[in-house]
Amino acid sequence: MKFIRLEKVSKSYDGEVILDNLSLEINTGQFFALLGPSGCGKTTILRLLAGLESVDSGKIYLGDEDITNVPIYQRKIKTVFQQYALFPHLTVFDNVAYSLRIKKLSRDMIKSKVLDALKMVRLSGFDMKYPRNLSGGQQQRVALARALISQPEVLLLDEPLAALDLKLKEDMLIELSELQDKLQTTFVYVTHDQFEALTVSQRMAIMNEQGDIEQMGTPKEIYEFPVSRFVANFVGSTNIIEGKLHIAQNSYNVEVEGLGLFSVYTPVEKFWMIPGCRLFISIRPEKILISKKPKEGFANHLMGRVVDIIYYGRSTQYRVRLKNGQFLLVFEQNEEHFPQESIDFDEDVHLYFQKENVVLLEH
Amino acid sequence: MRLLNRIFSEEYPFVLSCPALLWQFVFLYIPFAILAIHSIVDYIPEIQSYVLTSVYYVQIFNSLYFKVILRSFFLAVLTAFICFLIAYPVAYYLAMRGPKKYKTFLLFSLILPSWTSLIVQVYAWFFLLEKNGFVSRTLQALKIISPSFHLLNNYFSILLGMVSCYLPFMILPIYAVLEKMDKRLLEASADLGADKYETFKRIVFPLSLPGVYAGVLLVFIPSFGEFAIPTLLGGSKYIFWGNVIVDKFLRSRDWRSGAALVIIGIMLPIFIMLVGYLVSKIRTAYQRAAYQQKTNGPKDYWT
Amino acid sequence: MVDNKKFFLHFLNPVIVCIAYLFLYLPISVLVFFSFNDASFSVSWAGFSLKWYKKIVTSPEVLSALKTSLIVAFITTFLSVLIGTAFVVASKWWRNKFITNLFVSNILIPEIVLAIGILSIFTFFQIPLGYGSLIAGHTLLGLGFVIPIVKARYSELDPVLTEASLDLGATHFQTFRKVIIPLLMPSLIASSLLVFTLSMDDFLISLFCSGPTVQTLSVYVYSMIRTGIDPMINAISTCFLVISSLLVFLLCSLKVIDQVISYE
């Protein structure tokens, strides 16, 4: 099994440090996403992998091979650029055939491979067209075919869907996912859009603005069990409440100023959880139940007043003001056309959540 | 005030464009018309009227005037070619490889010599190359040439002058195109496996051709009509099209055949541009035809 | 083997650049150098002296030629920019798009042909040559520069700005004055500087179209060259060079140089 491995890689640009001793491992055949805010260095990592930039220090491995100093045109890593970078003076056919022509394959071989590649991205019949006559989605598929035709070991995608509108984006994500599944090539997908990352990747890494990797894991792990407030906030929205930890026999509780004691799950071996320490609770808005009438069976209960309602179509978001002045976001799925209970502005509501549905964060 | 407004709005667009068009007509198109008419008309005193004649054109093709035109044509081609050979690497270096901070400075220090009067540049070469001048005496001292060898007044000195005057006009358009080129295309090419040489051959050079074409136009056409450089640096040893025209119009006052020469001289560059235009039209038509074919098109398309 | 070839080309590139620089600068460097020469016949170096500069400053022919050149240059610049800009602004409303390419021919056609044209029309209508014909010819050239440069900038202007101005209550003429002209300013300045230098430097049209009474500086230099080497020419040439350098420096510092490049 080949890995992509970045070992203690540092990169500065114009005196500004972008990456500092960063290490990263990606498994073969995976759809891997690198998620982070703009400017965090994720594109830099991509460019280092492609060979467009060279590292200041550190090493890059592709499997057993040290490719740190291998020039870009010799690497078995190909890129789909953000604005596709299709050659305007070449037809679609010539664009896709480019890397094969460099390798000096035979004319017949090139022809059959190109037509197959176009079929794979569902662009058969477009081979004589020029990039300027294609739509954004079509151009992107040409860029894909062009990069994949030489069967690289890794495909890098630099925010490829940034220029597409929402519906097209959703379709392309599915296509990309199916493509990767069929080819089993390692895809490294860089984006700042968490929706894209969550949808399409099998494993992802979150980077913060300082260029460090905050967390790595499957989308579900990252969403449900973030390790820091940054991750919790960056992926999806969440409520963060600060408090003090109390441990009594086997039950863990968090005391929040002005709100009282909350019952939380018993965590697995967290060394930093000393009784009395300061920590943060993260609760996802969809995990809070909002109701006008009181309910039974929940470990934690809060009272609040609705100050804002935003209708999202499939869900409604409520902003609720708590007793201590804090605000909580609550999502409720719009399950019914005509709900029995409708919540209005300025109403007093009950909020409930279970102790298993929170995450305890140190920082 | 209302009138001014109407002039500047869409109601009377012609008012604003009039002066320029008028100028162009009066000082350019009408003179050419006059010249054209001059060249095909002859005044016969016996019958006191004008007749249409092609004698002046025929004269040109039969005589050494034709040689002159060919000579000018050849000089222009040579100049353009040598300028291209030197200008392309220079433009490439400035646009692609030069230090970013000084790019504009380097470019303009390159343009500076040509942005002085033609006279100054020509005289500079004249001064440099003349028999008792700096270069001659140095080369004589180094025993490379003999004391009677003339650096000036030959074809070589004319070419030197031509190239040095027109080189920047070839550099600028090529530089402009190379500079504006989307660098991401070059990255994509490298990513796909092409080294610098392949990338140049397949991407950079084809995309720079419009600039090359502009440069060739800017150099070829004026150098065809160049007369000062051959006169001053060639010492009247060679006669070019420009010289003949000067002679016809200023000295021998032979306007009719002079006009014919002028017309032929303009026709040449126009003809060349037309050819270029037609060639590009044919290419697009051919490509369109190839597209009409089915996917398994003719084998010779897949090169 | 192939790699060697590629490496060689790679290395040759900067070498060619150096040669080009040398080629372009050697003659004029020598020219300038020898303008400070003390000797009468500038074949050998006799010491540093400013006497030739003194001579040109006191020579009546040089001064009158300079005056002529300056007058023609200023008027030409003014006319070219005025007429050219008017044309560009109006060109938006012409249905036929190719009309703006008309003026490119002014630069592409060999200057000598332009000169002959001016000469012939003035002679045809029996108008004596002089300042009029000079300005006519120079402006013709000037239009060929002004119109593409200003047009390039004008077509980049977002039409939304004009719409916004009108929407806010300005008349067309006010919009022109307050919005369009300021936005066009870089190209106007660039083309003015260009046309001015062009007119000062111009030699061919001036030779043909100035007639017996009027002489510009370039033509004066030409006539001097025909009689042989004279250090005064070196001095005048150096002055020309200084003016051009100033222009390039001005263009660079005003950052209008991109206008010129984009025109090319």
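This briefing covers the chain contacts, folds, selected local features and confidence of the structure above.

The model is predicted. Two pairs of chains are in contact, and chains B and C share the most contacts of the two. Chain A and chain C do not touch, and their nearest C-alpha atoms are 14 Å apart. Chain B has 13 helices and two strands, while chain C has twelve helices and zero strands. In chain A, six strands form an open sheet with mixed pairing.

**Contacts between chains B and C**

- At this interface, 67 residues of chain C are in contact with 68 residues of chain B.
- On the chain C side, the elements that each supply at least two residues are helix 1 (2-35), helix 3 (60-91), helix 5 (111-124), helix 6 (131-156), helix 8 (172-201), helix 10 (217-226), helix 11 (231-253) and helix 12 (257-263) of chain C.
- Helix 1 of chain C gives the most to the side that touches chain B, with 13 residues.
- The side of chain C that touches chain B is made up of 50 nonpolar, 13 polar and four charged residues.

**Contacts between chains A and B**

- Here 18 residues of chain B are in contact with 23 residues of chain A.
- Helix 9 (183-191), helix 10 (196-224) and helix 13 (255-292) of chain B are the elements that give two or more residues to the side of chain B that touches chain A.
- The most comes from helix 9 of chain B, which gives six residues to that side.
- By class, the residues on the side of chain B that touches chain A are eleven nonpolar, two polar and five charged.

**The open sheet of chain A**

- The strand order of the six-stranded sheet in chain A is 6-7-8-3-9-10.
- Strand 6 (77-80) and strand 10 of chain A stand at the edges with a single partner strand each, so one side of each has no neighbour in the sheet.
- On average, neighbouring strands of this sheet are turned by 15° against each other, direction ignored.
- Strand 6 of chain A pairs with strand 7 (residues 154-158) of chain A in the parallel sense, over four bridges.
- Within this part of the sheet, A:T79 has A:L156 in strand 7 of chain A as its bridge partner.
- Strand 9 (residues 203-207) and strand 10 (residues 213-217) of chain A pair in the antiparallel sense, also over four bridges.
- A:M204 stands opposite A:G217, which is in strand 10 of chain A.
- The hairpin of strand 9 and strand 10 of chain A has five residues between the strands, and A:G211 in this hairpin takes a positive phi near 90°.

**Chain B: burial and local features**

- Chain B has 303 residues, of which 43% are buried.
- Of the contacts in chain B with a separation of 6 or more, 68% are between residues 24 or more positions apart.
- Helix 12 (residues 241-251) of chain B is mostly covered, with eight of its eleven residues buried.
- The buried residues of helix 12 of chain B include B:W241, B:V244, B:K248 and B:F249.
- Just after helix 12 of chain B, B:R253 has a positive phi of about 55°.
- B:F156 is placed in helix 8 (residues 155-180) of chain B.
- The C-alpha atoms of B:F156 and B:G234 are 8.6 Å apart, although 78 residues separate the two in sequence.

- From the N terminus on, the elements of chain C run α-α-α-α-α-α-α-α-α-α-α-α.
- Of the 264 residues of chain C, 44% count as buried.
- Among contacts in chain C between residues at least 6 apart in sequence, 79% join residues at least 24 apart.

**Confidence in chain B**

- The mean pLDDT of chain B is 79, with 82% of the residues at 70 or more.
- Confidence in chain B is lowest in strand 2 (residues 49-52), at a mean of 67.
- Helix 9 of chain B has the highest confidence in the chain, at 92, and also gives the most to the side that touches chain A.
- Over residues 294-303 of chain B, pLDDT stays under 50, and the model has eight contacts beyond four places in sequence for this stretch.

Methods:
Residues numbered from 1 in each chain as written. Chains lettered and ligands numbered in written order. Predicted model: local features only at pLDDT ≥ 70, side-chain atom pairs only at ≥ 80, totals over all residues. Contact = placed C-beta atoms within 7 Å. Nonpolar A, V, L, I, M, F, W, Y, C, P; charged D, E, K, R; others polar. Buried ≥ 20, exposed ≤ 12 C-beta atoms within 10 Å, placed from the backbone. pLDDT = per-residue confidence, 0-100. Pairing = 2+ DSSP bridges. Axes fitted to C-alpha atoms, helices over the stretch in contact; angles between N-to-C directions.
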